[in-house]
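Good morning. Please have the sequence and the model open.

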Amino acid sequence: HIRFCFIYFNAQQNPTDAYLTKCQELDTEPVYEFMVVLDSAAPTSLNLSQRKAKLDVVYDTEQKLLLSITSIADADIASICSTIALTKNIIDVNLSDNILSKASANSISTLLAENRSIESLSVANSKLGDENFAEILSSIVNNVYSPIQSLDFSNCNLTYASTTPICDLLSMGRIKYLNLQKNRFTNSSV
């Protein structure tokens, strides 16, 4: 299991160097496209969705970075989340179409527990499951400073067991967009 830990660096060290150091500590290869985001002047969006094809780095008209290569490993998620916590300028994170394990969910939850910049998170098509979903939502609900307004948990293998965390999330009154399509809810769940 990969344990999430924040990357600490002094004022002389830039986030890219801190990220590379964390990757070395976790014995994982750096994710090239995340390094591209770190080296950007003022990145606001990180899209690591559908990492199954050859690497494509494209900036769309809104200066959001769109990325695509192979699936993300737990160590990658841990080091990426640690570094996002330092950058403070990424507001849109898309980890859709990756299989997110308990370790990955823990890294995302730790990031969101302290988050003061991320406004949008997508983990659609991730086979997240009820337990990991509840952990992520708990971090959002318990962080009174969280600016998150948009969440996409479509096709995450959620069931009736996820209804209580959903109610807790909605009771905050801050969520403007919540996608729960293509999960395993029944009529009684709703």
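**Notes on a predicted model**

Let me begin in a loop: Lys127 lies between E5 and H5, where helices (H or I, at least four residues) and strands (E, at least two) are DSSP runs numbered from the N terminus. Before going on, the conditions. This is a predicted model, in which local features need pLDDT of at least 70 and side-chain atom pairs count only at pLDDT 80 or more, while totals for chains, interfaces and linings use all residues. Residues are numbered from 1 along each chain as its sequence is written, and side-chain values use heavy atoms, with hydrogens and water left out.

Back to Lys127. Its phi is positive, about 55°, although Lys127 is not a glycine. As background, most residues other than glycine have a negative phi. Lys127 is exposed, with a relative accessible area of 58%; buried means under 20%, exposed over 50%, and partly exposed in between, using a 1.4 Å probe and protein chains only.

Asn155 also is not a glycine and has a positive phi of about 55°. Asn155 is found in the loop between E6 and H6. With a relative accessible area of 34%, Asn155 counts as partly exposed.

Now the chain as a whole. There are six helices and seven strands, and along the sequence they follow the pattern α-α-β-β-β-α-β-α-β-α-β-α-β. The chain has 190 residues, of which 49% count as buried. On contacts, meaning heavy atoms within 4.5 Å: among those with a separation of 6 or more, 70% come from residues 24 or more positions apart.

Next, the rings. How many aromatic pairs does the structure hold? It holds one. Rings of Phe, Tyr and Trp (its six-membered ring) pair if their centres lie within 6.5 Å; planes under 30 degrees apart count as stacked, over 60 as edge-to-face and the rest as tilted. Here the partners are Phe133 and Phe153, edge-to-face, at 4.8 Å centre to centre and 90° between the planes. Phe133 belongs to helix H5 (residues 129-142) and Phe153 to the loop between strand E6 (150-152) and helix H6 (163-171), so the pair ties together parts that are 20 residues apart in sequence. Phe133 is buried at 0% relative accessibility, and Phe153 is buried with a relative accessible area of 0%.

Another ring contact involves a charge. The charged end of Arg116 sits over the ring of Tyr145, 4.0 Å from its centre; the criterion is NZ of Lys or CZ of Arg within 6 Å of the ring centre and within 35 degrees of the ring normal.

Tyr145 is also one of the residues that Asn115 touches. Asn115 is in the loop between H4 and strand E5 (120-122) and is buried, at 3% relative accessible area. Leaving out residues up to four places away in sequence, Asn115 touches Asn143, Tyr145, Ser146, Pro147 and Ile148.

A search of the whole structure finds one cavity of 30 Å³ or more. On a 1 Å grid over the protein atoms alone, a cavity is a set of points where a 1.4 Å probe fits but cannot get out, and lining residues have an atom within 4 Å of a point. Grid points are joined across faces, edges and corners, and a volume is the space filled by probe spheres set on the points. The largest cavity has a volume of about 50 Å³.

What lines the largest cavity? Cys81, Val93, Leu95, Ile108, Leu111, Leu112, Ile118 and Leu121 do. Helix H4 (residues 102-114) gives the largest share of that lining, three residues.

Methods:
1 Å grid on protein atoms, 1.4 Å probe; cavity = no way out; pocket = protein on both sides within 12 Å on 5 of 7 lines; lining within 4 Å.
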